[in-house]
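Notebook, packing geometry. I went through the structure for helix packing and strand pairing, and my entries follow.

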Amino acid sequence: MAEPFAIPRSVEWNDTHITILNQQKLPLVTEYLQLKDIKDVWEAIATLKVRGAPAIGITAAYGLALAAQRYETESLETFKEHVRKDRDYLASSRPTAVNLFWALDRLVSSIAHAFSVNEAKTTLIHEAIRIQIEDEDICRRIGEHALSLFQNGDRILTICNAGSIATARYGTALAPFYLAKEKGIHLHVYASETRPVLQGARLTTWELMQAGIDVTLITDNMAAQTIKAKNITAVIVGADRIAANGDTANKIGTFGLALLAKAFGIPFYVAAPLSTIDLATKTGEDIPIEERNPEEVTHIGGTRIAPEGVNVYNPAFDVTPHHLITAIITEKGIIRGNYETELPALFAKGEHHEAI
Ligand code: MRU
């Protein structure tokens with residue numbers, strides 16, 4: 001069936017390699033890269049060629065499956081040892097998004113009862129493909145739930161890119177905008193540019209414009225003025241890890257938007273799949289926050305904008321405390337406020353498409 005409008009995809013399994021959309025170069029260059037071995041996959045994740053929590057998980061899963069096809073042993077135990085070693089290697093590519101560890105561990109578990117090396121090799125590929133297929137369905141469900149919170153004509157602020165290219169398809173925070181477009185509901189997106197590496201300016205605007213969704217770009221320091229002057233009705237963001245008490249790590253700048261939403265009395269929504277919820281992490285204090293290369297701050301698009309030798313602090317994420325989050329929107333429905341009991345209850349709900 002022909003798609004009514006374009007929703008870009010960022011990761012594809014091609015048997016001998018993985019194809020990814022190079023998100024480092026967008027929107028100036030649309031380039032697809034072939035990742036041919038596990039080192040390519042590690043590098044693509046670490047350097048943000050592929051980024052966004054679910055897309056990182058999907059790519060890492062394919063990376064582990066790809067690596068495993070080349071192990072030459074006949075011994076299942078030796079094969080599993082190689083898988084565990086490569087799992088740890090890929091897990092070292094980025095520390096904050098829990099989807100990375102979730103996807104890798106799901107692959108490792110999938111071969112627990114394999115009878116042969118050949119069977120295990122096939123199982124790893126199938127499990128990685130399943131993760132990607134499920135994620136598309138999950139994102140659509142998140143979008144349906146999120147859309148129930150919005151009305152025709154709403155003006156909604158977002159940060160970073162929690163869109164189609166950060167997931168299998170549709171995105172999390174951006175999913176309701178694609179579904180609104182399908183249903184003829186008009187929502188206007190305000191995209192915060194997201195310094196230092198500009199996922200909002202480069203990626204969110206690019207993918208929404210391709211789908212013909214109204215989007216207006218602002219710089220990060222324009223958020224308060226925009227909420228006031230443009231009558232923003234809600235803020236919606238994605239997540240890299242949600243702790244058991246609802247504290248949420250997402251792209252740096254998210255915490256500031258949550259404080260602004262509270263000050264202006266507008267809802268602040270987090271949209272994320274269950275694979276981003278980490279009940280083993282008790283609070284936001286326990287979430288590891290990635291600090292990245294100072295050059296991301298001292299340079300824009302490869303050009304130095306700060307003096308040589310300046311001290312730089314470059315945290316890639318911040319943690320929004322749960323009391324600032326109006327609701328968390330998942331594929332199983334919307335939870336509000338009492339996250340400590342509601343989050344575990346989501347997991348107890350059985351198969352993923354059951355609505356709460
Ligand atoms: O550093 P990035 O670009 O990987 O950060 C991405 C984000 O913070 C996203 O909001 C989050 O991963 C959710 S993507 C659906």
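I call a crossing left-handed if the near helix is turned anticlockwise from the far one by less than a right angle, and right-handed if clockwise. I take helices (H or I, at least four residues) and strands (E, at least two) as DSSP runs, numbered from the N terminus.

I note that this is a predicted model, in which local features need pLDDT of at least 70 and side-chain atom pairs count only at pLDDT 80 or more, while totals for chains, interfaces and linings use all residues. Residues are numbered from 1 along each chain as its sequence is written, and side-chain values use heavy atoms, with hydrogens and water left out.

Entry: helix 4 and helix 5.
I looked up the handedness of helix 4 against helix 5 and found a right-handed crossing. Axes are lines fitted to C-alpha atoms, for helices over the stretch in contact, and angles run from 0 to 180 degrees between N-to-C directions.
I listed the contact (heavy atoms within 4.5 Å): from helix 4, Trp 102, Ala 103, Arg 106, Leu 107 and Ser 110 meet Thr 123, Leu 124, Glu 127, Ala 128, Arg 130, Ile 131 and Glu 134 of helix 5. I sorted the residues of this contact into six nonpolar, two polar and four charged. Here Ala, Val, Leu, Ile, Met, Phe, Trp, Tyr, Cys and Pro count as nonpolar, Asp, Glu, Lys and Arg as charged, and the others, Gly among them, as polar.

Entry: helix 1 and helix 2.
I found the axes of helix 1 (residues 38-46) and helix 2 (residues 53-68) coming within 9 Å and crossing at roughly 165 degrees. The two are therefore roughly antiparallel, and their crossing is left-handed. Helix 1 contributes Ile 38, Val 41 and Ile 45 to the contact, and helix 2 contributes Ile 56, Thr 59, Ala 60, Gly 63 and Ala 67. I count six nonpolar and two polar residues there, and no charged ones.

I found an open sheet of three strands in the order 1-2-3, with antiparallel pairing (strands pair if DSSP finds at least two bridges between them). Strand 1 (11-13) and strand 3 (32-35) are the edges. Strand 2 (residues 18-21) pairs with strand 3 over four bridges, and Leu 21 has Tyr 32 as its bridge partner in strand 3. Helix 1 lies across strand 2 and strand 3, at about 135 degrees to strand 3.

Note on methods:
Angles under 35 degrees count as roughly parallel, over 145 as roughly antiparallel, 65 to 115 as roughly perpendicular and the rest as oblique.
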